[in-house]
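Reader: I have a model open and would like to learn how to read its features. Where do we start?

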Amino acid sequence: MPVHLENLKKGSLAQRMLETRGISKVFNSGTPNEVRSLEAVDVTIDQGSWVIVIGTNGSGKSTLLNAIAGTFFVDSGNINLAGREVTRWPEHERAKLIGRVFQNPFSGTAPNMSIAENLAMAARRGQRRGLGWTLRSNSLNEFMIGVARLNMGLEDRLDNFIGSLSGGQRQALTLLMATWLKPKLLLLDEHTAALDPKSARQADDADGDALHAAGGTSGRSLDHDVSRTHHSRFSRRRKTPLARRRFAGAL
Ligand SMILES: Nc1ncnc2c1ncn2[C@@H]1O[C@H](COP(=O)(O)OP(=O)(O)O)[C@@H](O)[C@H]1O
Ligand SMILES: [Mg+2]
C-alpha cells in the first residue's frame with residue numbers, strides 16, 4: 001500500500017470529528033488520461049486527534065484533502081464532518097468548519113494586504129464580505145497577541161505587507177489565520193515542504209503555539225519528508241491509488 005496513516009492520539013471515547021466512507025474519485029474518466037486517485041477510502045478521525053498521511057508523490061494525498069475540503073465532489077461515498085453530512089456541501093460552506101494550509105506559502109495569504117488585513121479576513125471567514133472588516137482597535141489588539149505567539153517579532157509589523165515577509169513567516173501566519181476561528185478540522189498539505197530548512201523550522205516552531213491556541217481542533221497533515229523516511233517500504237511497489245484502506249483510529 002502506498003499510503004500510510006498514523007493517528008497520533010488515540011481517543012476511543014472522543015467525539016468522531018471526521019468520517020469518510022467509501023469515497024472515490026476518478027479524474028478524466030473514460031479518457032486515456034484517466035486517473036483513479038481515490039478508491040473506496042474510509043477515514044475516521046476523533047476530536048482532538050492528529051493523523052499523518054504518508055505516501056509517495058501522486059499517491060492521492062492532496063486529492064484526499066481536496067475531497068474532504070470540497071474542492072470537488074467525490075464520485076461516490078460520503079463525508080461526515082462534525083456530525084454533519086457534508087458530501088454535497090460546496091467548498092465555501094465546508095470552509096466554515098475546516099482550516100487549510102497549502103504547500104505554497106503564496107497561496108494562503110494576500111501579498112498586497114497587511115498582516116492585520118489578512119488576519120481580519122481570516123477572522124471573518126464564512127461571513128459576507130463588506131464594510132465590516134474595517135480594522136477596529138480591539139481586533140488589532142487580538143491580532144497583536146496572536147501574532148506575538150508566533151515568536152517572530154511580527155507583532156510590531158502588523159501594517160507591513162505580507163509580500164514583504166519570508167516564506168516561513170508567511171506559512172506561520174497562514175497557519176494562524178487557518179486556526180483563527182478554531183476550525184473543527186485543520187488540513188495541512190505538506191505546508192513546510194517548499195521552505196528552506198531554517199524557514200521550515202521557524203514555521204514548525206510557530207505551529208505549536210498556533211495549534212495550541214486552536215485547542216480542540218482535529219488535524220490531518222501530509223508530510224512528504226516523512227514519506228521519504230518510509231520510502232524504501234513503498235518504492236519497490238507499484239504506484240496504486242489510495243485504495244480500499246480502512247483507517248480507524250491508530251494503525
Ligand atoms: N484535478 C486533477 N485533474 C486530473 N488529475 C489529478 C487532479 N488532481 C490530482 N490528479 C492526479 O491524481 C493523482 C494523485 O495526485 P495527488 O493527490 O496530487 O497526489 P499526492 O498529493 O499524493 O502527491 C495524480 O496522478 C494526479 O496527477
Ligand atoms: Mg500533494
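Author: Start at the end of a helix: H1 is followed by Gly70, whose phi is positive, near 90 degrees. Helices (H or I, at least four residues) and strands (E, at least two) are DSSP runs, numbered from the N terminus. This is a predicted model, in which local features need pLDDT of at least 70 and side-chain atom pairs count only at pLDDT 80 or more, while totals for chains, interfaces and linings use all residues. Residues are numbered from 1 along each chain as its sequence is written, and chains are lettered from A and ligands numbered from 1 in the order in which they are written.

Reader: Why is H1 said to be largely enclosed by the rest of the structure?

Author: A residue is buried if 20 or more other C-beta atoms, placed from the backbone, lie within 10 Å of its own. Eight of the nine residues of H1 are buried, so the helix is largely enclosed. Among them are Lys61, Thr63 and Leu64.

Reader: Which residues surround ligand 1?

Author: A residue counts as near a molecule if its C-beta atom, placed from the backbone, lies within 6 Å of it. The shell includes Phe27, Asn28, Gly55, Lys61, Ser62 and Thr63. H1 gives the largest share, three residues, and strand S3 (35–46) supplies at least two.

Reader: At what angle do H3 and H4 pack?

Author: Axes are lines fitted to C-alpha atoms over the stretch in contact, and angles run from 0 to 180 degrees between N-to-C directions. Helix H3 (residues 115–123) and helix H4 (residues 137–148) pack at about 100 degrees, with their axes 10 Å apart. That makes H3 roughly perpendicular (65 to 115 degrees) to H4.

Note on methods
Buried ≥ 20, exposed ≤ 12 C-beta atoms within 10 Å, placed from the backbone. Parallel < 35°, antiparallel > 145°, perpendicular 65-115°, else oblique.
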